[in-house]
Every structure is written in structure tokens, then in C-alpha cells.
Amino acid sequence: MKRAVRVLAGARPRPLPALALVLTLVAGGFAAWTGQDWYRAAHDDRAAYAAQRDAALAAGEQAVQNLNTLDHRDLDRGLDLWESSTAGELHDQLSSGRDEFAEQVKAAKTVTTARVLSGAVTELDDRAGRARVLVALRVTVRASDGAKTDKDSRMLGELTRTGGRWKLSALGQAPVGGTPAG
């Protein structure tokens, strides 16, 4: 009888190997779950679409700001920036009227600066490489006599992706509330 008691006392369960097995299974399950989650996120078209939307918005805001900023003392640099920010018909209009416009700005001796207040992408066709943006900005015009005028405006811009970059291909004033779009 003593012997049977001794055998039962020596067969106590060991919690450490069982705990290690449970922790290994939990860690493996967690790794599989997060790996699958990562794979889905890395291959999700929505992430690529969001990146294109963000790129279009940043390019649109910068281009609208560029086209509303010009210093009569450094016209060539400003007009070159206008041309590098645009594509299509808008680019052609700016290029063809460059000399005449430069003369007008030199005669007026104005410095115009713009600051983007906010912007949004209103349409995005990633496959066709077209987007539309709405940009609110504050334009400050300083005349040669030192007078300063601020004007807030909203601009609607169309962007075209050319050479992997978004460029402004059309720009117009956004209608103000209650005014029908033309």
C-alpha cells in the first residue's frame, strides 16, 4: 500500500510545459491573424486609391497657389512656375499669352501672393488620370504704392496626370452659395 501512495504522489501534473504549449498556440494564432490582416491591407486597392487622391489634392492645391502668386520683380521665375504647374489647354493659353501678360504685370508693378486655406478632391478617376479639386485661398495683392488688398476666393480646378504627375488643366472661380453653376 505504501508503494501505491508513492506512485500517485510522483505523478503530479506539470503546469509549465502545458502553459508553454498554450502560449505557443496563442502566439501562432495571433501571428497568422496579423499576417493575414497585413496582407489584405498591402493588397487593397483602396489604399492605392487614397494615395492617388492625396497626391491629386496636394498637386491641385500647390498648382492653384502657384497660379495666384506672381511678383513683378521676378516674372520669369513666376511664369515658368505657372507653365510647369499646368497641362493641356490651360498650359497652351498661358504659354501663348505669356509676353503680353508679363508686360501688364510689369506696368502694374504688383506682387500677388496666395495662401491655401483648404482644399478637397471632388472627383477622381484614377484610371483615366483625371481629378477635380475645390481650393479655398486668400490672395494678397500689394500695389507699387504699398497698398495691400486681401481677397478670399474658391477655385475649381481640373487636374490631368501627365508623366506620373498631376497638373492643372483647367481653372475657374467656384460659384458662391445660391449662384447657379454656369
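**Figure 1. Hairpin of strands β2 and β3 in the predicted model.** Strands β2 and β3 form a hairpin in which four residues lie between them. Within the turn, Gly 129 has a positive phi of about 75°. Strand β2 covers residues 111-125 and strand β3 covers residues 130-142; the two pair in the antiparallel sense over 13 bridges. One of the residues in this pairing is Thr 112, whose bridge partner in β3 is Val 141.

**Figure 2. Hairpin of strands β3 and β4.** Strand β3 is also joined to strand β4 (residues 148-162) by 13 bridges, and these strands run antiparallel. Arg 132 has Glu 158 in β4 as its bridge partner. Five residues lie between the strands of this hairpin, where Gly 146 takes a positive phi near 95°.

**Figure 3. Aromatic pair of Phe 30 and Trp 33 in helix α2.** A pair of aromatic rings is described by the distance of the centres and the angle of the planes. The count of such pairs in this model comes to two. In the pair shown here, the ring centres of Phe 30 and Trp 33 are 5.9 Å apart and their planes stand at 50°, so the pair is tilted.

**Figure 4. Aromatic pair of Trp 82 and Phe 101.** The rings of Trp 82 and Phe 101 form a tilted pair, with 5.3 Å from centre to centre and 40° between the planes. This pair links distant parts of the chain: Trp 82 belongs to helix α4 and Phe 101 to helix α6 (residues 98-108), 19 residues apart. Trp 82 has a relative accessibility of 9% and therefore counts as buried, the cut-off being under 20%. Phe 101 is partly exposed, with a relative accessible area of 30%.

Figure 5. Asp 76 and Ala 102 are 26 residues apart in sequence, and their C-alpha atoms are 8.4 Å apart in space.

Notes: Residues numbered from 1 in each chain as written. Predicted model: local features only at pLDDT ≥ 70, side-chain atom pairs only at ≥ 80, totals over all residues. Heavy atoms only, no water. Phe/Tyr/Trp six-rings, centres within 6.5 Å; stacked < 30°, edge-to-face > 60°. Buried < 20%, exposed > 50% of the residue type's maximum accessible area, 1.4 Å probe, protein only. Pairing = 2+ DSSP bridges.
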